[in-house]
Each structure stands twice: as C-alpha cells, then as structure tokens.
Amino acid sequence: MTGRGTRETGNGGERYVEEALAMARGEGDPQGGAARTRPVLPQDPDIEEALALVREESPSSPAAPAEAATRGFPAGAGDSPAAPRHRAATPWPRARALAERAARSVPPRAPVTRRPEAALGLVLAAPLPALTDLPSFDTSAMDGWAVAGPGPWDVREEGVLAGHAGHGPLDDGEAVRIATGARVPPDTTAILRSEHGRTDDKGRLHATRDPAHGQDIRPRGQECRSGDHLLSAGTVVTPAVLGLAAAAGYDSLAVLPPPRAEVLVLGDELLTEGLPKDGLIRDALGPMLPPWLRALGAEVLAVRRIADDERALRKAITRSAADLIVTTGGTASGPVDHVHPTLAKLDAELLVDGVQVRPGHPMLLARLGEGRHLVGLPGNPLAAVSGLCTLAEPLLRVLAGRPVPEPYTLPVREAVQGHPHDTRLVPVTVRGEYAVPLHFNGPAMLRGIAAADALAVVPPGGTGPGAELELLDLPWALAGIGVCLA
Ligand SMILES: Nc1nc2c(c(=O)[nH]1)N[C@H]1C(S)=C(S)[C@@H](COP(=O)(O)OP(=O)(O)OC[C@H]3O[C@@H](n4cnc5c(N)ncnc54)[C@H](O)[C@@H]3O)O[C@H]1N2
Ligand code: MOO
C-alpha cells in the first residue's frame, strides 16, 4: 500500500455518534458549542445512520454472538426468526483474503481461442509474440517527398500512396511525392516534409529546411521484429491490446475463459417495472449486478428472480452451471431469509458467514462443491455493493486471472464517522488530491454510490479530516473495461 498515513484511533466514532444522538434529541453541539441552527429532521440520513450504529449490538458486548463452528448454521429461518445467529463475523481484510484463497483452490479451466473483439476484458492465456515486423516495411512518417541524396531534386511524375505497391529505387538527385504511411522507395535517404520543400518553375524540388539523413523514415522493425515478445500472459485485453494484436497480425487470441456467474434475486416484495406501491418496491439489484459482475470479469449466464421459497432457491442453486452464484437478500434471520437454511441443506461449506463491515455485515461466502461458490449479498442495496466489493471482487478477479489492483490511499477531505468496531465502506468522489465522502450512504441507499468514484475504507472509530484512507475504485472509475463490455 502506498502513502498510508496515520489513522485516527480511539473513540472518534463514538464522538460522532454522541453528537448525532444529541442533535437528534435537539440538544445542539454536545461539545459545548453554540446550538446548531440547522433543523434536525428525523429523516436526516447521516443521523439515522449514526443512531443505527449505536443501537446495533456490539460484537464485544456480552450479548455478542459467540465463536462459531465453520459449518455452523443457525436454526432454520422458519424455526425462530429472531434467534441470534451463533457465528463469528470475519474481519473485513480477512474476508477478502478468504475469498481470494477460495478462488485459488479452484482448478484452472483450459484456455479458449476467441475472436479478438470477443476477448475484450479477458486475460491473455499465453504470451503474445509479434507475428510480423512492425512496421512491416520502411514507412514514410510524413506527407512530402522521398528524396535521394542532397537537393535540389528532379521530381518523378508518379507519387507513392499508402496501401499501394512499392515504387522503384530512387537515383541520387531524384525525389517522388509520398504520403504518410506509404512504403519508402529503395535508396531513399530522407523524407522532405511538404511544408519544407517548394518546386521551381522547372519542376525541381528545393528544401527550405534540409532533412537529416533518414529523417521521417520509420524503418522496418522499429517497434518490433517478428517473434518479439509483446505482452505477457495475464495481461487484460483492453481496447489498446486489441489494436496491438491486430497490428501484429492476430485474427484470434488465446484467453482464459471468464468465470460464469448467475444472479438469483430473492424477495417477494420486488417489482421489475413501474412505481413502488402497496408495500412493493423496485428491484434495484437485478439491473445493477449483471454489468457490475461483468466489469469484475464474469460472464453472466442468467438473472433469475426467485420467490421467497426455500425449495425454489435450492432448485435454482442445484441446477445452476455457474462457477459463482450471487444471491441477493435473505441473508439475515427473518422469517423468509432462506439462504442459510438452504446452504445447510445443500451441505455447503460456509467460508465466510458475516463480515465485520458496515454496511453489509450479513454477507456470506460458501463453497457449494468442486469449483463452485456462492456469494450471498444482503438485500439492502448498498450492503449488496459492499458484499460485491468484499467477496465477489477478489473471487472473480482470481478466477478471471486478473492482476491484483495496486492499493492506494488518498486523504479524506472531511471527518468520516466510523462504526465503533467494524470497518465502514463509504462512497466517495475523488476531487483533486482528496476523497470527498458522499451523503446518502445508508445501507438501503444508492444515491451516494451512484455519484461515487470509489469506496473509502474507514477503520473502526472513524477518522478526522486529512486522514489517509484506502480506496476501492469502482470498476467504471478506472475508465472501465466494464463500460467497454456493456
Ligand atoms: N434481526 C436482524 N435483522 C436484520 C439484521 C440482523 O443482523 N438481525 N441485519 C440487518 C442488515 S444489516 C441487513 S443488510 C439486512 C439484510 O437482510 P437480507 O439479506 O436478509 O435481505 P432482505 O431482508 O431480503 O432485504 C433487506 C432489505 O433490502 C430490500 N431489498 C432486498 N432485495 C432488494 C432488491 N433486489 N432491490 C432493492 N431492495 C431490495 C428489502 O426490501 C429490505 O428492505 O437485514 C437487516 N435485518
Ligand atoms: O445494514 Mo446492513 O449493515 O448490512 O446494510
């Protein structure tokens, strides 16, 4: 990690929480300052968030869940909706490492050959040698004249255009008009740019600025010789790689096959069109997850909407051919939260069952069988984003063979409220040298993340202004290969 600064520790988080509580009670500044003039609305998202933080059960409190067995499942959702789940939430960095490790345990799939345009966003399975010299012939770099020897020159009548067959050799004192990209005739000593030459009334060419020997000639093989190593295995196929591969003679590329993902959207309360009504809401995750998963390197096989029905969920999981099933909702212990009981019935191995991160702490990662995994994202939309970035990103990155992104930090422009014990992921926008935290960052809100460039990793307790925070770039903020794939 680069440039990580000191992090403010101690009870900064609690202070914000105290402040928010005091404000919510209408008590003004709890530090003893003048009372605030800003009216405190009950719906103020920041204050609601702060209130939620203190109301939450602390992992270190006596009521906190005890250590859990790795395969420990809670009682079935129907058995006791309010029963606390006996499990140990995984620290956030460890959850990411476990997701990476889970993917590394998957046997690699055989490389595939794809048309270059179908390889965009995938990773080269083998080094890419040049199939030709580049340029493949001596090329004029400018419009003007190919000249031989010192001037003035007699100009031959026929010119040389790019894409045309070669011209005969020039004699000393001869010139021929030439276009950028055209083959340079044999025995040419330089290209005289059109703006550096003039012809007299006898048609002889004079230089207004003498060209140096070899000027503006791109010699054959200047960029590479046939067989030269151009790119290493593991390189992500970007638009520029497509261009280079085409220039170097490729009609197809050997790439690693993308991991196959399937999205199962759970919830009876979800509408796919129109306005929310009668307690029903729009499904925000069905539209968001497929392009996001593609941006993370996956091929999305299907998005299925599953009613709150354990059997339907089990059937969908069993039938799926995906390497990674991503479920949304149903991770908590409500009466219709079927993910845990279903995984238990499938004898899945829970690798991560809850993470010490806000939002998104009920997220989970399970191994379903050889090479097959399931990431359970919480239903609250920003909590689902947190699960994507925490568990799905490392897993898909490794399965796709993509390189580890270089971690980086930026100072945060304002203080950021932290959770007392857990990591927080907060949407930020990058402005110059600073990360600016965005509002509307509650678990059920997408307004912040929709305007964000990255998620800032806020340590327990929060930070003051200027603290260096690790940033997780959102895929499209990297000039997204995902955008290219969409
Ligand atoms: N007793 C407890 N209740 C809850 C806990 C807890 O620890 N104990 N955790 C809370 C947290 S934190 C989260 S996050 C949620 C996670 O809930 P689930 O994963 O079970 O998700 P649901 O209950 O199905 O939905 C939660 C919320 O999100 C809305 N939702 C669901 N899917 C979508 C979608 N596709 N698009 C838009 N919104 C969606 C759903 O309507 C709910 O409002 O549990 C808390 N409860
Ligand atoms: O409230 Mo929940 O932290 O996972 O979104």
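Predicted model: local features only at pLDDT ≥ 70, side-chain atom pairs only at ≥ 80, totals over all residues.

Student: OK, pairing then. What is the bridge partner of Val357 in β24?

Tutor: Thr423. Strand β20 (residues 355-358) runs parallel to β24 (residues 423-431), and two bridges join them. β20 also pairs in the parallel sense with β1 (residues 90-91), again over two bridges, and there Pro91 has Gln356 as its bridge partner.

Student: What comes in the loop between β20 and β21?

Tutor: Pro359 is found there, with β21 spanning 364-369. The bond from Arg358 to Pro359 is a cis peptide, with omega at about -10°.

Student: Which residues are joined by the other cis bond you've got?

Tutor: Leu134 and Pro135, with omega also about -10°. Pro135 has its place in the loop between β3 (128-129) and β4 (139-140).

Student: While we're on backbone angles, which residue has a positive phi although it is not a glycine?

Tutor: Asp278, with phi at about 50°. Asp278 lies in the loop between β15 (270-271) and β16 (281-282).

Student: Switching to ligands. Which residues are around ligand 2?

Tutor: Arg358 and Pro359 from that cis bond are in the list, along with Gly360, His361, Pro362, Pro378, Asn380, Ala383 and Pro443. A residue counts as near a molecule or strand if its C-beta atom, placed from the backbone, lies within 6 Å of it.

Student: How does that shell split by class?

Tutor: Five nonpolar, three polar and one charged. For the classes, Ala, Val, Leu, Ile, Met, Phe, Trp, Tyr, Cys and Pro count as nonpolar, Asp, Glu, Lys and Arg as charged, and the others, Gly among them, as polar.

Student: And ligand 1, which residues come nearest?

Tutor: Gly329, Thr331, Ala332, Pro378 and Gly379, out of 25 residues around ligand 1. The shell of ligand 1 divides into 12 nonpolar, 10 polar and three charged residues.

Student: Now helices. At what angle do α3 and α8 pack?

Tutor: About 30°, with the axes of α3 (residues 92-104) and α8 (residues 381-400) lying 8 Å apart. That makes α3 roughly parallel to α8. The cut-offs: angles under 35 degrees count as roughly parallel, over 145 as roughly antiparallel, 65 to 115 as roughly perpendicular and the rest as oblique. Axes are lines fitted to C-alpha atoms, for helices over the stretch in contact, and angles run from 0 to 180 degrees between N-to-C directions.

Student: Which residues in α3 meet α8?

Tutor: Trp92, Ala95, Arg96, Ala99, Glu100, Ala102, Ala103 and Arg104, and on the α8 side Thr390, Leu391, Pro394, Leu395, Val398 and Leu399. Contact here means that the C-beta atoms, placed from the backbone, lie within 7 Å. By class, this contact of α3 with α8 has 10 nonpolar, one polar and three charged residues.

Student: Sheets next. What is the strand order in the one with β17?

Tutor: β17-β14-β18-β22-β21-β19, six strands in an open sheet with mixed pairing. β17 (299-306) and β19 (349-353) are the edges, each with a single partner strand, so one side of each has no neighbour in the sheet. Neighbouring strands are turned by 20° against each other on average, direction ignored. Seven bridges join β14 (residues 260-266) to β17, running parallel, and Val265 has Arg305 as its bridge partner in β17.

Student: Which strands does helix α5 lie across?

Tutor: β14, β17 and β18 (324-328), with α5 (residues 285-295) running at about 165° to β17.

Note on methods. Residues numbered from 1 in each chain as written. Chains lettered and ligands numbered in written order. Helix = DSSP H or I, 4+ residues; strand = E, 2+ residues; numbered from the N terminus. Contact = placed C-beta atoms within 7 Å. Pairing = 2+ DSSP bridges.
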